[in-house]
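User: Hi! I've got a structure open and would like to talk through some of its helices and strands. Could you help me out?

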Amino acid sequence: MTPAPIHIIGGGLAGSEAAWQIARAGVPVVLHEMRPVRETAAHKTDGFAELVCSNSFRSDDLETSAVGLIHEEMRRADSLILRAGDAHRLPAGAALAVDRDGFSAAVSAALEAEPLVKIERGEVEGLPPSEWDSVIIATGPLTSPALAAAITEATGAEALAFFDAIAPIVHYETVDLDKAWFQSRYDKPGPGGTGRDYLNCPLDRDQYEAFIDAVLAGEKTALHDWEGTPYFDGCLPIEVMAERGRETLRHGPMKPVGLTNRHKPDEKPYAVVQLRQDNALGTLWNMVGFQTKLRYREQVRVFRMIPGLENAEFARLGGLHRNTYLDSPRLLDGRLRLKAMPRLRFAGQITGCEGYVESAAMGLVAGRLAVAERLGVPLDPPPATTAFGALLSHITGGHVGEDEPGRRSFQPMNVNFGLFPPIEVAAKGKKAERGAARKRALSARALADLEAWLGGAERVAAE
């Protein structure tokens, strides 16, 4: 007998990955996506897994980077998101960056071709009907107001919120290559790269100071009723960073370390703006770390102060939108189910994980747990020693604020080795060498423990 379908609301990275995992295990899926019937403030297409901010999945180093480790865990778990990402990889040093259009098209094509996935376009207004006995809500930070209000009513708690900002994209042909040059930091090629994967625009001290003045004085988007909402530290607008100190940007996205201006090799830049390839044709380049709430006309004026971008034309200017997420440690159980209504699972950014791959990873975990439950086959959540499990533990466990004993202090977070259970490593050498040895040991343990968990998940599919 064919099992009853599992419903997924939201066709972003988490929802797409959950649908793929469920269907590959032999269980039908109904994937609900409201676009294009109802648009969002950030999406531009009706494709699945559209990347609305950066096109980077960040580091692909599986040994000493927690995000690189989660990439590898997803690959071993037959992730659709990583399969599409690898197929549409762009040069980006040690990072995994993708052609956003090709990536989304590949995910969409795979889901549309999967016979066990039924796609329904249209908004799910309010809580899912009671006859949907297994639902994954993966609507992300841009959950529709009607559904968000229904979730709030069901949980009896206000969702938390933070701002997210989008970086501008520049037409390559308008960059002045007599001033800008190609180079990755420290000439690291990374997977699929050459060591010349970024466009670098140098600023001397006077140019940097003038730029900071312009950023601080530039007219910003009025926030109105959004005032008071915190920013996620991993995606701060440049003007917020500048307000925290004039040198903050120079030690953040504009840091000059590991770079040598080939036009003036004897002069060390005081600051550098980097651009990363954003599409396969190489015609569009993303201003790395340049999320902003400057008004559009101000962005054009201020960003053209950057050497090499004096005549830049922008395919997309930066923007700001409000993101929402649940107080997951209080509202969700260890299997991502809503405690007040266990037929509802949550996955992706709405749970309080931050980042493309983290969101997709939680979609993968939610999908596999939902399949096991549907088929009545035991499957524990992934162990906390894996990247999957460490992130899941953060989401469903949170942490206690030091200044408020007993109270949860939960904020969105990228995967990092600080979330993993400690490990003893007999390493010698300098602090950096010991740190690298510890990370390699954590990664090796994670992948070994992942294989055992995947073995249990495979038994679910077999039964």
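Predicted model: local features only at pLDDT ≥ 70, side-chain atom pairs only at ≥ 80, totals over all residues.

User: Thanks. Which residues of α1 are buried?

Analyst: The buried ones are L13, A14, G15, S16, E17, A18, A19, W20, Q21, I22 and A23. That makes 11 of the 12 residues, so α1 is largely enclosed by the rest of the structure.

User: And what happens to phi just after α1?

Analyst: G26 sits there, with a positive phi of about 90°.

User: How do α1 and α4 cross?

Analyst: Two packed helices are described by the angle between their axes and the distance between the axes. Here the axes of α1 (residues 13-24) and α4 (residues 100-113) come within 10 Å and cross at roughly 35°. The crossing of α1 past α4 is left-handed.

User: Which residues meet there?

Analyst: From α1 you have L13, S16, A19 and W20, and these meet F103, V107, A110 and L111 of α4. Sorted by class, the contact has seven nonpolar residues, one polar and no charged ones.

User: Switching to strands: are the residues of β5 buried or exposed?

Analyst: Strand β5 (residues 95-98) is covered on both faces. A95 and A97 lie on one side, L96 and V98 on the other, and all of them are buried.

User: Which strands pair with β5, then?

Analyst: β3 pairs with β5 in the antiparallel sense over two bridges, with S59 standing opposite A95. Strand β4 (residues 89-90) also pairs with β5, antiparallel and over two bridges, and there L90 stands opposite A97.

User: How many residues are between β4 and β5?

Analyst: Four: β4 and β5 form a hairpin with four residues between them. In that turn, G93 has a positive phi of about 60°.

User: I'm checking backbone torsions too. What is the phi of R58, and of D78?

Analyst: R58 has a positive phi of about 70° although it is not a glycine. D78 is likewise a residue other than glycine, with a positive phi near 60°.

User: Where do they sit?

Analyst: R58 is in strand β3 (residues 56-59), while D78 is in the loop between α2 (66-76) and α3 (80-87). R58 is partly exposed, its relative accessible area being 27%. D78 is partly exposed as well, at 28%.

User: Now the sheet of six strands. What is its order?

Analyst: The order is β10-β11-β12-β13-β9-β14, in an open sheet with antiparallel pairing. At the edges stand β10 (181-182) and β14 (314-316), each with a single partner strand, so one side of each is left without a neighbour in the sheet.

User: How many bridges does β9 make with β13?

Analyst: Strand β9 (residues 169-171) pairs with strand β13 (residues 284-287) over three bridges, in the antiparallel sense. V170 stands opposite W285 of β13.

User: Last one: which strands does α6 lie across?

Analyst: Helix α6 (residues 205-217) lies across β11 (198-203) and β12 (271-277). Relative to β11, α6 runs at about 95°.

Methods: Residues numbered from 1 in each chain as written. Heavy atoms only, no water. Axes fitted to C-alpha atoms, helices over the stretch in contact; angles between N-to-C directions. Left-handed = near helix turned anticlockwise from the far one by under 90°. Contact = heavy atoms within 4.5 Å. Nonpolar A, V, L, I, M, F, W, Y, C, P; charged D, E, K, R; others polar. Buried < 20%, exposed > 50% of the residue type's maximum accessible area, 1.4 Å probe, protein only. Pairing = 2+ DSSP bridges.
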